Amino acid sequence: MTQIHPTAVVDPAARLHESVVVGPYTIVGPHVEIGAGTTIGPHCVIEGHTTIGRDNRIWQFCSLGSDPQDKKYAGEPTRLEIGDGNTFREFCTVSTGTVQDEGVTCIGDDNWIMAYVHVAHDCRIGSHTIMANVTTLAGHVRVGDWAILGGLTGVHQFSRVGAHAMAGFASRIAQDVPPFVMVAGNPCEAHGFNQEGLKRRGFGPERILAVKQMYRALYRKGLTLEAARAEIEALRAEHPEAEADIAMMLDFLASAGRGIVR
């Protein structure tokens, strides 16, 4: 039997796996689906067209699936999709999408989302990310796998943070942060690449060397962005074992609509 506290209000139309736990005074709306093993603490509100996967832990006072904080929103049935194994600490807020984008806010698997984090409408968060306390993502932000955002970091709408990137405490991100790059400050500046994080994730010496050379091309040689991209392209012949890493970087740079932190 689903363990629903007697003070919780769960709409009869909501679909909860029998192993879901719902804490005191929590409210679950009619269009919500929650997978096996997920626990929801007290005083949470889960609403909207929201799907939550398996084994998530949602701490007290979270608000998931609320209407977008967008004045253009007119009540369209947009969605929030959350994967498996995520942690949402106290007072996190995550909105559904808008029809001006793809209509969905999406969060992947195994993300560690600390207290007071806000994920706005139409954001897409990958897997294995960490967002420290009071990180704020504006609308349409993209965050790649394994990215880490320090506490009090703010990300401008439509900006992207690449996979394995890292932002220091109280960073103001108003342009795209390429994969692997560490940034900090206001205005945000690059401060090396995430070498220690890559080691922890099993990157071998050759792949780390390729990432280092990509970083040097972008930030240490005084090259234009186009010249840096050409130099990174040439690394494919030198580092075949890093092909996927090089391709990810080139794809990211090719679609940097807001420019990159540089």
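User: How far apart do the C-alpha centres of domain 1 and domain 2 lie?

Analyst: Domain bounds come from an automatic or database domain assignment. Here the protein is divided into domain 1 (3–140) and domain 2 (197–255), and their C-alpha centres lie 35 Å apart. The model is predicted: local features need pLDDT of at least 70, side-chain atom pairs count only at pLDDT 80 or more, and totals for chains, interfaces and linings use all residues. Residues are numbered from 1 along each chain as its sequence is written, and side-chain values use heavy atoms, with hydrogens and water left out.

User: Which residues does UniProt list for the C-terminal domain?

Analyst: UniProt positions are given in the numbering used here, with feature names shortened, and annotations may be inferred rather than shown by experiment. The unreviewed UniProt entry assigns residues 176–261 to "domain: UDP N-acetylglucosamine O-acyltransferase C-terminal". That span is 55% helix and 10% strand, and its end C-alpha atoms lie 6 Å apart.

User: In what order do the strands of the open sheet stand?

Analyst: Helices (H or I, at least four residues) and strands (E, at least two) are DSSP runs, numbered from the N terminus; two strands pair if DSSP finds at least two bridges between them. In this model 11 strands form an open sheet with mixed pairing, in the order S1-S4-S7-S10-S13-S16-S19-S22-S25-S27-S28. Strand S1 (3–4) and S28 are the edge strands, each pairing on one side only.

User: Which strands pair with S27?

Analyst: Strand S25 (residues 166–167) pairs with S27 in the parallel sense over two bridges, and Met166 stands opposite Met182 in S27. S27 and strand S28 (residues 189–193) run antiparallel and are joined by three bridges; Val181 stands opposite Phe193 in S28. The hairpin of S27 and S28 has four residues between the strands, and Gly185 takes a positive phi near 105° there.

User: Which residues make the nonpolar surface patch?

Analyst: A patch is made of residues with over 30% relative accessible area and no salt bridge; nonpolar side chains (Val, Leu, Ile, Met, Phe, Trp, Tyr) are joined within 5 Å, like charges within 9 Å. A salt bridge is a side-chain nitrogen of Lys or Arg within 4 Å of a carboxyl oxygen of Asp or Glu. Accessible areas come from the Shrake-Rupley method with a 1.4 Å probe; for residues, only the protein chains shown count as cover. Phe61, Phe91, Tyr116, Val134, Leu152 and Phe169 make a nonpolar surface patch of about 590 Å². Phe91 is partly exposed, with a relative accessible area of 34%.

How values were computed. Buried means under 20% relative accessible area, exposed over 50%, partly exposed in between (1.4 Å probe, protein chains only).
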